[in-house]
Amino acid sequence: MKNVAILGSTGSIGRQALDVVRAHPDRFALYGISAHSSEAAFLAQIQAEHPRTAVFSRPFASPVPGVDTGWGDQALYDLAADPQVDVVVLAISGIAALLPLLSALKAGKRVAIANKESLVCGGDLVKEALRQGGGELLPVDSEQSAIFQCLENGRREEVEKLILTASGGPFFRRPREELRGITPAEAVKHPTWSMGRKISLDSATLMNKGLEVMEAARLFDFPGERIDVLIHPQSVVHSMVQYRDGTVMANLSNADMRLPIQYAMTWPDRIPSPASSLKLWEHPDLSFFKPDMARFPALQMAYDCLQAGGGCPVVYNGANERAAELFFAGKLGFLQIEESVAYALDRFENRPVKSLEDILAADGEARRLADEFQSTRSLA
Ligand code: NAD
Ligand code: MG
């Protein structure tokens, strides 16, 4: 029996992780949940699931007796490192997941990680925490889970490259000039996945795929030159690994995040899941296209950041997080999101980022630069 803590339990991934826990009462017990917003949904989860511990960003009263309650950052780090917890599902969005991640890894937990921003920004600190605590880091992001599974079929030295698939987002076929006036409601309507609003927006701008190229580089220790992206609008092939004899191993399934969430929790075991099986004959039109880098500057910038190293990945992420907030607040246009990131990267004096302080300083600078960009532009 494994005790599970779901950090970010009210979100899209968090709710699906709860489904997985519920589907396997013989394997998993819900030990703790945490959330930051939607207090009503959080209280409803406590009422329905009776976790042992519940942590919120602000003080709150548990609707059921006997639940240990905590609030604030330290309580979140403590839950991530709680000696009773075996598996931490990291479903918080944004760089806010970095400290809970380090806390869980230093305590030797298995972390089923959905959050990509913490991997992109954390760099060597994540590796060091993993080594120090002797824990495990298992990917949940569908592309990284696919690559992880494809890599199980061969030896590392036999691998030529990793091939990430991308749906292309809702505007894949729209000319760039038409994208200027895209509204938040249009931007978060993803064609194949239902997700939280920030990652849905990132999928529309292709910033998500840029983050995933960096995430794959971190997780699997591959250079950018050996990570390709292919546009695959149907989201059936979740990613691939090309081996040196030319063979490509691919991972296919219905687009249901409960599959990669569950595999990260049960690995190396593969057990029945709440997701439905793929009926490949229902998808006669699987297609693949090479991305046009000129059309998707967000992707090109990610490769450039990987190449440049240092604080660039942190700045890419931080400027994007801030620009996304400004876009949702109606203060920035859709194409201005990638322009904010380019602006921040242009002005950031790259330097090594080694410590947590370095990372947070680069993140703060990126956000300030994104604000500066916004204050000097009119909405377009
Ligand atoms: P979401 O916005 O639906 O949920 C985020 C959760 O994190 C919520 O419970 C929220 O209360 C909590 N949270 C937000 N800010 C926080 C903070 N500052 N401190 C503590 N908790 C905070 O997001 P999501 O779509 O579930 O995505 C979560 C992460 O998983 C993201 O990093 C995303 O990129 C990644 N991911 C999501 C999907 C998906 O299908 N949704 C797929 C792959 C990867
Ligand atoms: Mg993904």
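Select serine 167 and everything around it: leaving aside its neighbours within four places in sequence, serine 167 is in contact with His190, Thr192, Ile231, His232, Pro233 and Ser235, where contact means heavy atoms within 4.5 Å. This is a predicted model, in which local features need pLDDT of at least 70 and side-chain atom pairs count only at pLDDT 80 or more, while totals for chains, interfaces and linings use all residues. Residues are numbered from 1 along each chain as its sequence is written, chains are lettered from A and ligands numbered from 1 in the order in which they are written, and side-chain values use heavy atoms, with hydrogens and water left out.

Stay on serine 167, which is found in the loop between strand S8 (159-166) and helix H8 (184-187); helices (H or I, at least four residues) and strands (E, at least two) are DSSP runs, numbered from the N terminus. Serine 167 counts as buried because its relative accessibility is 12%, given that buried means under 20% relative accessible area, exposed over 50% and partly exposed in between, with a 1.4 Å probe and protein chains only. Its side chain reaches the backbone nitrogen of glycine 169 at 3.0 Å, and also makes a polar contact with the side chain of histidine 190 at 3.2 Å. A polar contact is a pair of N or O atoms within 3.5 Å; within protein, one must be able to donate a hydrogen and the other to accept it, and residues adjacent in sequence count only if both atoms are side-chain atoms.

Next, select serine 287, in the loop between helix H11 (258-266) and helix H12 (297-308). Beyond its neighbours within four places in sequence, serine 287 is in contact with Ile231, His232, Pro233 and Gln234, and the side chains of serine 287 and glutamine 234 make a polar contact at 3.0 Å.

Glutamate 143 in helix H7 (residues 142-151) and glutamate 212 in helix H10 (residues 207-220) are 69 residues apart, a pair that links distant parts of the chain. Glutamate 143 counts as buried at 8% relative accessibility, and glutamate 212 counts as buried at 1%.

For the rings, select phenylalanine 148 and tryptophan 267. Rings of Phe, Tyr and Trp (its six-membered ring) pair if their centres lie within 6.5 Å; planes under 30 degrees apart count as stacked, over 60 as edge-to-face and the rest as tilted. By this rule the count comes to nine aromatic pairs. Here the centres are 5.7 Å apart and the planes of phenylalanine 148 and tryptophan 267 stand at 65 degrees, so the pair is edge-to-face. Phenylalanine 148 lies in helix H7 and tryptophan 267 in the loop between H11 and H12, 119 residues apart. Phenylalanine 148 is buried, with a relative accessible area of 17%, whereas tryptophan 267, at 25%, counts as partly exposed.

Finish with Phe171, Phe327, Phe328 and Phe334, which form one aromatic cluster; within it, phenylalanine 327 and phenylalanine 328 are both buried.
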